[in-house]
Amino acid sequence: MYEPTRRDFLKTTGGLIVTFTLADNVLPAVAQGAAQTKIVAPDEVDAFLSINTEGQVTVYSGKVDLGTGIRTALTQIAAEELDLPFDRVTVTQGDTALTPDQGATWGSFSIQRGGMQVRRAAATARKALLDAAAQRFGVPAATLIAENGTIKGKDRVIPYAELIGGKTFSLKLDKDAPLKDPRAYAIVGRPLPRVDIPAKITARFTYIQDFRLEGMLHGRVIRPLALGADLESMDTSSLTKIAGVVKVVREKNFLGIVATTEWDAIQAARALKTTWSNWAGLPEQAHLWDYVRASKVSNDVVSSNVGSSTSALDNSPKRLAATYDFPIQTHGSLGPSCAVVEIKDEKVTCWSASQAPNRLKRQLAAMLELPPDDVHCIYVEGSGCYGRNGHEDAASDAALLSRAVDGRPVRVQWMRADEHGWDPKCPPILVDLRAGLDDTGNVLAWESEFFVPKDGVAPVPLLAAMLAGLPPAAATTEPYGEFGVPLNPSVANAYVANTAIPYTFPNAKTVSHLLDETPFRSSWLRSPGRMQHTFANECFMDELAASARADPLEFRLKYLSDMRGIELLRRLATITKWEQRPSPRMSTNDDIVTGRGISYVKYELMRTYVGAVAEVEVNRKTGEIGVQRFYVVHDCGQIINPDGLMNQIEGNVIQSISRTLKEEIQFDRSAVTSLHWATYPILTFAEVPDVAIELIDRPTEPPWGAGEPASAVVPSAIANGVFNALGVRLRSVPFTPAKVRAAIHAA
Amino acid sequence: MPTSVSLTVNGQATTVDVDDPGQPLLYVLRNDLELRGPRFGCGLGQCGACAVLLDGDVVFSCKTPLSKAAQSKIITSEGLGTLEKPSSVQQAFIDEQAAQCGFCINGMIIQATALLAKTKNPSVAEIKKALTDNLCRCGTHLRIIRAVQRAARNI
């Protein structure tokens, strides 16, 4: 049972260990223990694994558990590949001194990339243990097997601990080390309970929000009244009554309080009198889409270009065009961001729930103008973030406050308005689509243009650094090979993925206009770009099907050639008892009408397949939409933990229904005005539908990501359901009652 | 000048010295008494993460002044059960794997405990109604509902 304690954190913060190597054991003559730092190079087995003298295995993972269950899944992968019982493996994650830099925890890559690195390390280790035992026994390795933490020969058994316990492997990851046959899996593929859940349920878990150090002070930040305002003056005389105030910290427009108690810090932050300059640099929200359309284009990226779409479109007897938009939303973490920073002898230690501890280390070092190796970041799980929320910014706040009080440990906990007002936002995305059909409903041409931010993966500037006028981001040296885009950074952009479509048309061109600016600090929020693009693509596909008077599911199948995609949609038809008919259904004139909408995605056109059907109920008088039931068929290849996967898919569906029906930040020309849950409402229990999920397990295929893909199909499935019910197209998220009524009125 | 306030938390009488007895109970529970169950989510009574039982009733400790809680019996998630011996509601949440990030779960457990103390076999509608003031951002709602149903069966 996993329950991190403060002692665990302190124990693992050093990174200094005494090591021998496996070779030392085999060749005792060279055994020389030497103090050295923990190996973290991601091509080394020791970066990922260690086996102690009791035979307990520690997996070191740069990918961190954001509440998604990957701690458990990684444990399963390692235990399986090392032929160990599940409870002999624990995971240390996200410690820049102890774990390899596997990139940020994002993009549904924790299993697909991170887990496969762990599997490769474990397979290499297993082979090394077999070889070492073979040498010890003087028999060929082929006569030995690994079983239950031991290497077994005909008449001899040796535990791993005896072969390697406490020593290093000193081996590179071996891509040729044999992997276990998935047919022999006993741990991978099973719905094992998550190791973190009992402690979370019984309030014995340490979230970053619970993390405490001896002598720790409490910090709070005071943000400008407008995003770009300057601090003109402040009056600290109002703070004299608050006994615990240690310091008011100002660096240009960065302003914070350090106090001995949390309540004093809160009171002081509220009591401090400040005057800020006027600033009104945001676009008018009512004209946001004009602003986006007029934004300066950095460059265009063509993600697909088949045939001659423009002339084919011109010559099509039937033409359709539509524009879809998806609003600015916030991560909305239930617990506001939090971090603790301590500076000792010019060495910075930062405990935070950052999804990217190595990136944060580089950014904090840049801000503090220190060498990166003087900054040590340690992940402590926080409230779910669903992308890059404010955790890193709280860390930057804590760093500046700690620096101002001689490096004493300072905990910064954002208030609700800090989180809603200042975490970086998912950018507004606008999509124009055009298509041409012939007289019998065949698609002749498809064209689309996507207005998306220029850089979807670069480090988000640290807020404290921006306000204080310090370097906000380190020059990145990170590989950008993820997200299904080429490694060339000029086109590496998460927001280009899924602009091209999975359907084969004779003429198609899909273009992204990469914009220089978006209104707020831009970051990724669960399924960045893929959700917005799939909304536009799958709704427009539904428009074409309706125009062709074709059943929307059959219409998709007609243009699909991918066998896994076809199987997925057929299974979706089966579990939903899909009745073939064109949309809209000719329903009654009752106030409340029902419909069902379909959507499909092949994530980034190269991995996880998801098909979905939403059953919706629409009240045409009030404009209210209720999702009654949501069906998902999901194929992410080999499943590591089916219950963990179900949990992720349910979460994707419910969170995305919330975003689709309700969520859009409100702002004036100066700042965000929707600063709490009353002005930024999310889905409540009363509004949650039934969710029915069918998993397609393919044990012999590579495992793909599941943290995001199911979210991508939700907005389009709902919009298509509303069209099916009412014959009215919703092309602008969120589908609020007012917008639904307006769409009905306009139809 | 610090004021001493006497509290009964999870069955134990205790005294805290605070400068401001008007401060929310939440900060005293978390910082002075080092409890983790009640969590800071909004400080506005909008999300339910800070819920505790006060004489058996659910209150949001972020909006409850310490002074108002002084004469009452306070129960937090820690007081319901332990890792080794979870309460029946907690065990049902573990059995249903009803958490993702888990940050909201304290409030869900507290609400469910109060609900099941009054309503033996709640319907899904009654469970949803009881949890209507509690937000979950991860989308764990269905598992939470199933956990409350399971707890009702097991009590």
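**View 1. B:V28 sits in helix α1 of chain B, which spans residues 25-32.** The model shown here is predicted. Is B:V28 buried or exposed? B:V28 counts as buried because its relative accessibility is 0%, and the cut-off for buried is under 20%. Leaving aside residues up to four places away in sequence, B:V28 touches B:L7, B:V16, B:V18, B:Q23, B:L33 and B:L66. Look at B:V16 in particular. B:V16 and B:V28 are 12 residues apart along the chain. Their C-alpha atoms are separated by 7.9 Å.

**View 2. Helix α4 of chain B, residues 88-95, has buried residues.** They are B:V89, B:Q90, B:A92, B:F93 and B:I94. What covers them? The cover includes α3 (77-80), α5 (105-118) and α7 (141-154) of chain B. It also includes α7 (197-201) of chain A. After α4(B) comes B:Q97. The phi of B:Q97 is positive, near 50 degrees.

**View 3. Three strands of chain A form an open sheet in the order β3-β4-β5.** The pairing is mixed. Which strands stand at the edges? They are β3 (49-51) and β5 (89-93) of chain A. Each has a single partner strand, so one side of each is left without a neighbour in the sheet. From one strand to the next, the twist averages 20 degrees.

**View 4. In chain A, β3 and β4 (residues 57-61) run antiparallel.** They are joined by 3 bridges. A:I51 stands opposite A:V57 in β4(A). Helix α4 of chain A, residues 70-81, packs on the sheet. This helix touches β4 and β5 of chain A. The direction of the helix makes about 130 degrees with that of β5(A).

Conventions
Residues are numbered from 1 along each chain as its sequence is written. Chains are lettered from A and ligands numbered from 1 in the order in which they are written. This is a predicted model: local features need pLDDT of at least 70, side-chain atom pairs count only at pLDDT 80 or more; totals for chains, interfaces and linings use all residues. Side-chain values use heavy atoms; hydrogens and water are left out. Helices (H or I, at least four residues) and strands (E, at least two) are DSSP runs, numbered from the N terminus. Buried means under 20% relative accessible area, exposed over 50%, partly exposed in between (1.4 Å probe, protein chains only). Contact means heavy atoms within 4.5 Å. Two strands pair if DSSP finds at least two bridges between them. Axes are lines fitted to C-alpha atoms, for helices over the stretch in contact, and angles run from 0 to 180 degrees between N-to-C directions.
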